[in-house]
Amino acid sequence: MASLRVFNPVARSVQTRLEPAPRPADLNGKRVGLYWNMKAGGDVALRRTQELLAQRFPRAQFAFYQGDVGWLMRHLTPGEADRIVREVDVLIGTTSD
Amino acid sequence: MTLLERRGIPTVSYTAQGFVRDAHRSAESFGLPELPIAVVPKPFTNQEPEEIRSMVDGAIEQVIAGLTQEVARTEMPKELVFLDEEWLTFDGDDALGAFQAMNERFLSYGWSDGLPLVPPTEEALERMLRGTSRSPEDVVAVLEPGFGIATVAKIAANAVMAGCRPEHLPVVIAAVECLAEPKMYLRNKAMSTGPHAPLLWVNGPIRRQIGLNSGVCALGPGAPSFANTVIGRAVRLCMMNVGHTYPGVSDMDTVGSPLKYAACVAENEEESPWPPYHTEHGFDPETSTVTVQFVYGICELHDFQSAEPERLAEVFATAALNVAQVPTGMWLIGRRADPRYGTEEKEHHCLFICPEHAAVFHKAGWDKGDIRRALHRRARLPFRLLMLNKEPQALTLAHPELAWLWESPDTLVPVLEDADCYDIVVVGGTAGRGAFFWGAGEPVTKPIQP
């Protein structure tokens, strides 16, 4: 019988824990942001999302956003994030493949 | 999205089924594992509009629920294996059995690159740590995407597992510092669906002191490239076990790349007719440095015919004319950018020019700058071709002044932003064959501290 004692090679993470934002009961009367990160097809998905939500929540308003910086994939700058926080109540994104 | 949640904006993100673990893990690393997602069967990319609309129709209830239902603070399934124990014990019938037990367990945890790992025993770790003057508890960096705390001890353990010797450790530590540099934008390169592999080249006296190969078969495999191989492998293992870049969870590389196992060389400074790479970037020739450049792939720079520099540059420039490679013409639609740090990168290519070819250029009085300018002059493609795999609206956002190109689609456009986007390193043995790497962003160079 043999035993091998080895050092755990996996690093601990810097731990952060955030609270999710409180949700509205429905989207009527809400300003809905639609954020496209410029990956192909995301704009089509968001336009369809707007169509469906507008049918369900006729008093919802919509605004489109794209990242300020980036290339193949565009990202929100702090300034654009500030604008979104001012201008919308909820945000839908095509951010992850 | 987590940033906006923190600021009180409810969000939901469309996520393809194959990326759900990645999305949860990414959200977890930013402190909000429950971040709502709307799961669709496939990525929206490469789909016909009707197919995309259909996927949205199927996911719209998830979108509404994600925005209107309180997000439960439930314990999400852990996508990665983290153990609290600092030391782990493995048993076997004999030493080989214990070795196999460790390797099997590390494989099952996802902590292995797939090749056998050298056990980081207490003795091996202590021996490795003698390779640096730094304390084991020193924090070298916090490594993305997992925000792993890169202590010297954790880096040393991964260096042991890779097969490094103590004298290799300072290079690995400096390479980790390169990875953590904000401008490296490691999060993007580590997690991408593309085959971003860290390519290392070492300059300065340490090359000879630790036996790095800059000549025949420098990129390996083989005994002459032992130090190259284990250092490159250690950096990869650090990306995994320190930065938590794990395939299928936080590394979504579609096909993968053999370059990701290990890709490290030394510059052949002795046979280079030009000043070493690191001196072009402000370092003294006697300072040892490591440079890390993420690359998408490699192709050969073969030419046994040319004895004139213009002709050789013309051959080399053809390597940059591959539209299927991400960086080709990418500058037209912007720059790789990390808004958290306000960094931007130009796309760079790297050329390992062999001494034979370097001599052809040098004999004609060319320096590296002349080669870079010749490459930039020659590596051009029609605008129409460059835009085949790029989003037209991104061009409008990044370069509205270039909208006229749509009316002149045959205009020849440089594939990279400027001549300085070609990095040149002299590497290799005696024959007219070098290597070209399609780069991802810019290289980062750091001094190697003892």
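Me: Hi! At what angle do helix α1 of chain A and helix α3 of chain B pack?
Reply: Helix α1 (residues 42-56) of chain A packs on helix α3 (residues 49-68) of chain B at about 50 degrees, and their axes are 9 Å apart. Axes here are lines fitted to C-alpha atoms, for helices over the stretch in contact, with angles from 0 to 180 degrees between N-to-C directions. Helices (H or I, at least four residues) and strands (E, at least two) are DSSP runs, numbered from the N terminus. This is a predicted model, where local features need pLDDT of at least 70, side-chain atom pairs count only at pLDDT 80 or more, and totals for chains, interfaces and linings use all residues. Residues are numbered from 1 along each chain as its sequence is written, and chains are lettered from A and ligands numbered from 1 in the order in which they are written.

Me: Thanks! Which residues of α1(A) and α3(B) make the contact?
Reply: From α1(A) they are A:V44, A:A45, A:R48, A:T49 and A:L52, and from α3(B) they are B:P49, B:I52, B:R53, B:V56, B:D57, B:I60 and B:V63. Contact means C-beta atoms, placed from the backbone, within 7 Å.

Me: Changing topic, what's the strand order in the open sheet?
Reply: The five strands run β3(A)-β2(A)-β6(A)-β1(B)-β2(B), with parallel pairing. Strands pair if DSSP finds at least two bridges between them. At the edges are β3 (61-66) of chain A and β2 (37-40) of chain B, each pairing on one side only. The twist averages 20 degrees from one strand to the next.

Me: And where does α3(B) sit on that sheet?
Reply: α3(B) packs on it, touching β6 (90-94) of chain A plus β1 and β2 of chain B, and the direction of α3(B) makes about 165 degrees with that of β2(B).

Me: How many bridges link β6(A) and β1(B)?
Reply: Three, in the parallel sense. A:I92 stands opposite B:V12 there.

Me: What about β1(B) and β2(B), how many bridges?
Reply: Four bridges join β1 (residues 11-16) of chain B to β2(B), again running parallel. B:A16 faces B:V40 across that pair.

Me: Is β1(B) mostly covered or uncovered?
Reply: Mostly covered, as five of its six residues are buried (20 or more other C-beta atoms within 10 Å of a residue's own, C-beta atoms being placed from the backbone; exposed is 12 or fewer, partly exposed in between).

Conventions:
Two residues are in contact if their C-beta atoms, placed from the backbone, lie within 7 Å.
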